[in-house]
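Me: I'm new to this one. Can you walk me through it in short answers?

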Amino acid sequence: PAVRLHIRYKKKKRDIFSADELRKLFPIDLEDYGPWDDLRTKTAYLLAAVCGLRRNEIRAIKWSNVGFENQSIKIVEAFKGESRIGLPKWDKTRQTALPGVAARHLKAHRAKTKYSGDSDFVFANVDGTPLGTQAWKNMWHRAMKKAEMNLADRNLVPHSLRHGIATELRAAGISEV
């Protein structure tokens, strides 16, 4: 019989952003993009930070999923790889709160984009196609370099934003829902 070798790599623990770092990354002023290239990019990553959304959920949001009137976002789809869309992780759709700062950024972003119909992707390229994974990575690395964040030593990745909000809420005595 063949012998199988199982190699386990010790994963480096991901760090999270501090509240001060989040304030640096996401200035409240709509016209202040901080280290981000533009309002679209700042808003996409802001949703990861304040709503705890995953990259492929953010990429798949359509304007019809954004409830400005009840300040919520419906997560009904996610990208599976570069271009295939399916159910979100664990095959569970959900609705999440849309904090005021995120709602203001989304409204301003919608006003600036020509792809703002209900069936359009919120974070589309200039031609209306959904934002790709490589573009997502490139935007992240440009912003982190500009913000002088030490990604390697702290193992900071976009997913760190998702976990940062949960950690901050837990530290404030608010349990996960």
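Me: Leaving aside neighbours within four places in sequence, which residues is T96 in contact with?

Reply: T96 touches C51, L53, Q71, S72 and I73, once its neighbours within four places in sequence are set aside. One caution before we go on: this is a predicted model.

Me: Where is T96 placed?

Reply: T96 is in strand β5.

Me: Does T96 count as buried or exposed?

Reply: Buried. The cut-off is under 20% relative accessible area. T96 has 17% relative accessibility, so T96 counts as buried.

Me: Back to β5. What order do the strands of its sheet take?

Reply: The order is β1-β2-β5. These three strands form an open sheet, and the pairing is antiparallel.

Me: Which strands stand at the edges?

Reply: β1 and β5 do. Each has a single partner strand, so one side of each has no neighbour in the sheet.

Me: What holds strands of a sheet together in general?

Reply: Strands of a sheet pair through backbone hydrogen bonds, in a parallel or an antiparallel way.

Me: How many bridges join β2 to β5?

Reply: Four, and the two strands run antiparallel.

Me: What is between the strands in the hairpin of β1 and β2?

Reply: Four residues. In that hairpin, Q71 takes a positive phi near 45°. Q71 is a residue other than glycine. Its place is the loop between β1 (66-67) and β2 (72-75).

Me: How accessible is Q71?

Reply: Q71 has 38% relative accessibility, so Q71 counts as partly exposed. Q71 is also one of the residues that T96 contacts.

Me: What about W90, what is its phi?

Reply: W90 has a positive phi of about 65°, and W90 is not a glycine. Look for W90 in the loop between β4 (84-86) and β5 (94-97).

Me: Is W90 buried or exposed?

Reply: Exposed. W90 has 64% relative accessibility, and the cut-off for exposed is over 50%.

Me: Let's switch to helices. How many residues of α2 are buried?

Reply: 12 of its 13 residues, so α2 is mostly covered. Among the buried ones are L39, L46, L47, A48, A49 and C51. R40 and K42 are on the buried list too.

Me: How far apart are the end C-alpha atoms of α2?

Reply: They are 17 Å apart. At 1.5 Å a residue, the 13 residues should span 18 Å, so the two values agree.

Me: How do the axes of α2 and α5 cross?

Reply: They cross at roughly 95° and come within 11 Å. That makes α2 roughly perpendicular to α5. By class, their contact has five nonpolar, one polar and two charged residues.

Me: Which residues meet there?

Reply: From α2, R40, T41, A44 and Y45. From α5, W136, K137, M139 and W140.

Me: Next, α4. How many residues does it have?

Reply: Helix α4 covers residues 100-112, so to speak, with 13 residues. From its first C-alpha to its last, α4 reaches 19 Å, close to the 18 Å expected at 1.5 Å a residue.

Me: Which residues of α4 are buried?

Reply: V101, A102, A103, H105, L106, A108 and H109.

Me: What covers them?

Reply: The cover includes α2 (39-51), β1 and β2.

Me: Zoom out. How many helices and strands are there?

Reply: Seven helices and five strands. From the N terminus on, the elements run α-α-α-β-β-β-β-β-α-α-α-α.

Me: How much of the protein counts as buried?

Reply: 40% of its 177 residues.

Me: Last one. Among contacts between residues at least 6 apart in sequence, what share join residues at least 24 apart?

Reply: 62% of those contacts do.

Definitions and conventions. Residues numbered from 1 in each chain as written. Predicted model: local features only at pLDDT ≥ 70, side-chain atom pairs only at ≥ 80, totals over all residues. Heavy atoms only, no water. Buried < 20%, exposed > 50% of the residue type's maximum accessible area, 1.4 Å probe, protein only. Expected span 1.5 Å × (residues − 1). Contact = heavy atoms within 4.5 Å. Pairing = 2+ DSSP bridges. Axes fitted to C-alpha atoms, helices over the stretch in contact; angles between N-to-C directions. Parallel < 35°, antiparallel > 145°, perpendicular 65-115°, else oblique. Nonpolar A, V, L, I, M, F, W, Y, C, P; charged D, E, K, R; others polar.
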